[in-house]
Amino acid sequence: MITGHFKTDYSADEGIWSNWPKRWGLVAALIGLAIFPFMASNYALLLAGQIGIFIVAVTGLNVLIGYTGLMSLGHGAFFAVGAYTTVAIHHEWPLTFPLITLVISTVVAAAFGVLFGLPSLRVKGLYLAVATLSANFIILFLIEQDWLAEWTGGVRGTETPNAVFFGIELVSQQAKYFFIMPVMVLMLLFAQNLFRTRFGRALIAIRDKDYSAEILGIALFSYKLKSFAISAAYCGAAGSLWAYFFPAILPEDFGLNMSITLVVCLVAGGMGRTLGPIFGTILILLVPEMLKVVAAAITGGDATSQTWVSPTRDILFGLMIIGFLIFEPMGLVNIWDRFWRFMSRWPFAK
Amino acid sequence: MGQFIQYMINGVISGSVLALIALGIVAVFKATKVVNFAHGHLILFGAYFYFTFSVVLSEAAFMPDWIRSWDPAWLQAYAGDAAMFSPKAAIASWVSDLPRILLGLIGALAANAVLALIIERLVMRPLLGQSAFAMILSTVGLIWVLEGSAGLIWTAEAEQVPALGPNFPIRFELFDQNLFLFSGSLVNLVVALLLFASLMLVLRYTRSGVAIRATAEDQSTAYAMGINVPRVFSTAWLVASTTGAVAGAILASRNGLSPAIGLFGLSVLAVVLMGGLDSFAGVLIASMLVGILSSMAQWKLGGGVAEIVPYVAVLVVILIRPHGFMGQEEIERI
Amino acid sequence: MLSVTQASLAFGGIKALDDVSFTAASGEITAIIGPNGAGKTSLFNIISGFYKPQQGRILFDEQDITHLRADKRAELGIARTFQNIALFRGMSVLENIKLGGHTRLSTGFWSAGFFYGEARREEARLRAEIERDVIDFLELDHIRKAPVAALPYGLQKRVELGRALAMQPKVLLLDEPVAGMNREETEDMARFILDIQARWGTTILLVEHDMGMVMDISNQVVVLNFGRQIALGTPDQVQANPAVIEAYLGTSATTEATATEEPA
Amino acid sequence: MALNRRTLLKTGAALTAASMAPSIVRAESPHWRVAASLPMTGPFATAGQLVAPAFSEFEQQVNDNGGIGGRPIRIEVEDSGYIPRNALANFQRAQAGGDLHFYYGDSTGFMELVGPTLTGDNAVMMGSTSFASALSDPANRPYQFMAGPTYEDQFEILLRDIADKGGKTVAFVYSDTEFGRDPIEHGRRVAEELGIEVVLEEVTRAEGADIENHVTKLAQANPEYTILQGYVTGVWPQLIGGARAFGLTTQFMGTFWGMEKIIADRVTEQAGPFLDGYQGVMPYRYFYDQEDAPFYRELGEFKRSVNPGFSGYVTAWELEGRLCLELWKLCMERVIEADKEVTPDNLMAELGAIRNWDSGGFFGEPVNVVNNKIGQGRVYRYDAESRLYNPVSDWIQV
Amino acid sequence: MLSIENIEVAYHHAIQVLKGLTLSVEPGEVVALLGANGAGKTTVLKAASGLLPLENGSIDAGQILFNDSPINRVAPHELARAGLIHVREGRRIFAEMTVEDNLIAASYALTGRKEKPDYDAVYAFFPKLKERAHQTAGLLSGGEQQMLAIGRALIGQPRLILLDEPSLGLAPRMVDEIFDNIARVNQEQGASILLVEQNASAAFRIAHRGFILENGKVVLEGPVEQLRENPDIQTFYLGVGEQDDKKSFRNIKHYKRRKRWLN
């Protein structure tokens, strides 16, 4: 039973790890993350790596959609900017220290975020979504152009460098995992902190009632732009990790498909919550893979059966999303909350 | 100059198809406040249904022969030995195709209507009262469902379907330039614009039109005044699915039948927002504009640029007019 | 403290405000009354910065703020509440009120993200200050952690007042603070307003329909009708003004009771 | 297949294995394992769905004949949706499932994506649907090969054919994919060398392209020859149809994936004989050309035996996948015969050593594997009346 | 006519608004429902007219009967067609449509009945609307819009009108006129009316009975004459004040005068 956490001062009341299940849960999760790669296959690491990267990006999207209430269907573009910046830096200076590249990619993506954010002062909701979606197409179009091909590889895509830390090249997926996960954890903590201070609160205020935020002294335009910049920066960092993680990148990786997947992850997990992106990403990225494994086990990998297996998988995945929206519109986090509410009251109430 | 007009014509023709697709998105949005991201896939189904009825079913064993190819004596006499691609031959072959074209159209309209009703009932209705965001995302989920289902039913083969109208090149001279267009495209243009216009007239001048407009303005009030709002929702989905079926048939006969039709519908979303989500007239203007601009871009800048024209255009328009050409601004009372 | 000089505002030909001038003296309560559509909220909007008047000026502490953005005005010390409650519905009462302290904090993005040093100290300081000056003062302690969306209307109004108070404003604009409240809640609210005035000497501007309260608590009354200022003076002067009776109470000027119940 | 307790158990086991199986505890499999990604959904789904059954048949055929070196083979096929990242996941999942002896990739994108990871323990011999030039590179892509000439080679064959016939102008029409763009730059260079002017380069969508505008542009440029690249089932027939209806006389040409008979036949059947005269390059014989092709005859018999409804024709696309598998099988047999260990390196060494191989039907002449490709092809022309692609050139070596 | 029995209503399954509310409207009656903002008045009407599900609200317990048949789950349009018409808060006219189209839209309430829509009757009732029949409704003045809103209800030949704050945002003079009209509707058309109001004195002028709502419950009910005499009502709703000395807000002490009916 986890009832009754009494605090003696206000700063304790403000803490995020305010009770022992949260603290120990975190420790357990971190230990789990640390030992996972020693027990997992390359394939599991591939998925874990992708999930880690996506969590960073979805957290970024959460800043924008979940906390600031600005819609975007174009975050694949920031992903692309981060990834291609990393490639370009290594193209020009092959030996750049990966963290520096990561930071530069993040900053470049943030700059693009500011650019993308400009319409947000005038445009809201769906119109903003389509404006960002358009920007996504335009960015990819630019990446595919021949005059940038030296850095981007054009339509054909380009091979990506491996990160080299003090002479150790991260080649194996296990090694890459240990690059991705700390970055992910730090960026999650950063976001979590952001939303319990002045800055984050201002963003939430804009989401809930923008004019009301304005009369409290929150400069709407500047904060909206900052929100775009932060969310783009997260995606840029994810893009940079992506470039280090995958041996090659293609422009079409970062198209509408990715942008929509990011949003779907966020919604499935729960918007405006730190845990939302984590839950959502794990669910949305793992379900199709699990469906594949299940299908393979049922059909034994038989080629002919693939003609109906893969469409069926698509249908199931789509139905899952719709089912979520109908039955759990607040996302997985809501289930999680209910679970904890139940636990903290048990056995006194249901 | 002549070239310019040539590409104008091409642009208007593709613009009319865009308008027909956009029509469905606007109709659903106006009535239900749902932006249907899956409209392209509704069109895809329309196209596949058209194919199923006009090609697969018409060749089925139990169908009378005249459906597959209607070949009365007078038609043979008319066709004579007209050269391939000549107007005469094209008309003759169209007439002999007519039974299966009609079968295809009727079948596609009916089947797509049923599909839309199922979607409306099973997916959209339970989401009533949920946020607009949830509804939109459920249409995104629908994309997967529809795409998968199409793959399951039709095994994704690229097929040819008969054009709605006789197809022969029309040539004429303007400003010392040879211009041309396909008669089939002209038929498509007329069909698209007729559908568009008749829908506008119905909305404007009939009692049902009043009910739909009332629902569009204020769902719950309309509901409380005795208008069967769920039926209006269904009607809107019916309008979207039937116009979508026609659009699908047109797209399939113009550019070939393939799953890409679904994604094409997504790019129309940009056009719709450019015109203003809730304005038929604005969307018509935007469709024509995008059609013409894409065509011009194709001419001067090549295919790659033409692809992103709708997106650049919508970005520019939205920045200047945040609710599109003729969209209603939501007034926020402070 | 705050003066509006010859302000005019029009929306597409319709004049919302036409040549309005008055000065709200420091530490006093100025009420703005008038029938619906008279331009009261528009007046608040040009003072708080949502609209820019086409003509006229707004001075705050001798400073011309006519062209200042709303958020800059907030930094100067102008706070307001809204006619239709504009709380942040996704947050708790405490978070809403903390947002009132926004302009007085300085935590930057980085220290916020890492939550070290200044950010940590500042948050604790703000919390203590809010507890003392707002939560205790407005008797909100029992609902501190409650989500605002679930609170009854009267309490929401009070939380909104609390949020404005957390800005430690020099000028407080209250847009219909007791609209839709019953007598009991109205009395509570009136008491808080007077206490605020007494405790911090805040200059208060008030748009309100409840004549009883307006006439009782305000030092000065501005009467608007169709955007024009038809009277300015003490409550007693205004109440006796025939133009006011004509415009606002109707020709018959039935009873004060009807006027008192003029709804939102 | 019915869901019963056994499949459920298998599913559970597979889930555990796929997620957790550490690479060290891989059991020695009783099979030679082959896995493949095919585009069963997405833009090129038609191709994937036509090719997939061939993999099952190959498995059955080989195992009926006693497997390879006495060990049966097992082929697992996965859908990629033509998304390289999905294919990469498929590949790594297949690797996690135990020793993998051959992999068939579904796109140029995948081959590029996976290429750099094929080192050390992760290396697997790999064929694919792609004829991208970058894959013909033993130095950087030591484990990847292609069952024919590169797109660049195919383009070159066509351009040389044009030059031979005295052609002066050509248009390149290609899809906006890495597959469509692959040979274009090389094509420009070769055209220049040969003194052929490229009067138009037109980029289109891979499917559902705006035919009218493309035809209009083609009409303006009015080239003698038009080479289409980067299409599979769609766009190219409509483009040719539109151009013919317009009265354009340009000679259309295509490369391997745009040379499938069943597509051409279907178009002819449903829309008329406008593809008549379309020609293009093809590395193999068509299946109906069974003269001196014992392998084709054998395959036909096998197909008839397992499937009485067999039409008698095997698509060129299926032949391509089949050829990749045959080449792998050949290398396996040679490695086993030489009593060497079955490793990707040994397999690729055997592949690189293939000289004067009589393919038994795929190719008209014995072929060599050089730079992990087979540089041979031939120009065919479609005849709408007989519905056949007929050769119009000799086998050309590149 | 309408009988609401012990209903509990919550939005989003979380925010409970009505907590066991009971009230009834008899044929031919005008019933006033009074209460502070947020007490749940509008929710009562939405529950009765079936609009709750549209806002993610649900009736979790209790029953609503209209003409003795349960209507908890009946769709709004069916209720309108059965003669139960809800005139919503803030008038909610179709601003982009003409006055005439507004009335035509409202005629859907007659679907399935033998009566024909009688536009002339409505125009006769509100001559101002006839003058403006072809104008866009959004351009009408507040009072005219309220007339249109009531006119729309009349088209449907209602047996019971749920009227939500008809005085909202109207000048005092206009309020009188509207309430006169409402009384006429009741007398001439014989429709029962459930009237939600803030303006208690105006509502009491035309109502027969009244219910006082606080915190999702009815705390006081009775004939209007009786309610008018209630000292609490006088203080809290009619603003008559603490009779004797002219009380000022400035003199309020820091203690609260509590209502007698509360808990």
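**View 1. Strand 3 of chain C and its neighbours in a predicted model.** In strand 9 of chain C, C:Gln220 is the bridge partner of C:Thr30, and the two strands to which this pair of residues belongs, strand 3 and strand 9 (residues 220–225) of chain C, run parallel and are joined by four bridges. Strand 8 (residues 203–207) of chain C is likewise parallel to strand 3 of chain C, with four bridges between them, and here C:Ile29 stands opposite C:Ile204. Strands are DSSP runs of E with at least two residues, and helices are runs of H or I with at least four, each numbered from the N terminus; two strands count as paired if DSSP finds at least two bridges between them. The model is predicted, so that local features need pLDDT of at least 70 and side-chain atom pairs count only at pLDDT 80 or more, while totals for chains, interfaces and linings use all residues. Residues are numbered from 1 along each chain as its sequence is written, chains are lettered from A and ligands numbered from 1 in the order in which they are written, and side-chain values use heavy atoms, with hydrogens and water left out.

**View 2. The two faces of strand 3 of chain C.** In a regular strand the side chains alternate between the two faces of the sheet. On one side of strand 3 of chain C lie C:Ile29, C:Ala31 and C:Ile33, on the other C:Thr30 and C:Ile32, and all of them are buried. Because five of the five residues of this strand (residues 29–33) are buried, strand 3 of chain C is largely enclosed by the rest of the structure. Buried means under 20% relative accessible area, exposed over 50%, and partly exposed in between, with a 1.4 Å probe and protein chains only.

View 3. The 27 residues of helix 10 (residues 229–255) of chain B should span 39 Å at 1.5 Å a residue, and the end C-alpha atoms are 37 Å apart, which agrees; the expected span is 1.5 Å times one less than the number of residues. Of the 27 residues of this helix, 22 are buried, so that helix 10 of chain B is mostly covered. Just after helix 10 of chain B, B:Gly256 takes a positive phi of about 95 degrees.

**View 4. The interface of chain D with chain A.** Contact, meaning heavy atoms within 4.5 Å, involves 47 residues of chain D and 41 residues of chain A. The two chains bury about 3900 Å² between them, 59% of it on carbon and sulfur atoms, where buried area is the accessible area (1.4 Å probe) that two parts lose on being put together, summed over both. Three salt bridges are counted between chain D and chain A, a salt bridge being a side-chain nitrogen of Lys or Arg within 4 Å of a carboxyl oxygen of Asp or Glu. The side chains of D:Arg93 and A:Glu289 form a salt bridge at 2.6 Å, N to O.

View 5. C:Gln168, in the loop between helix 6 (153–165) and strand 7 (171–175) of chain C, has a positive phi near 45 degrees, and at 43% relative accessibility it counts as partly exposed. E:Asn6 is found in strand 1 (residues 2–11) of chain E, with a positive phi near 55 degrees, and counts as partly exposed at 47% relative accessibility.
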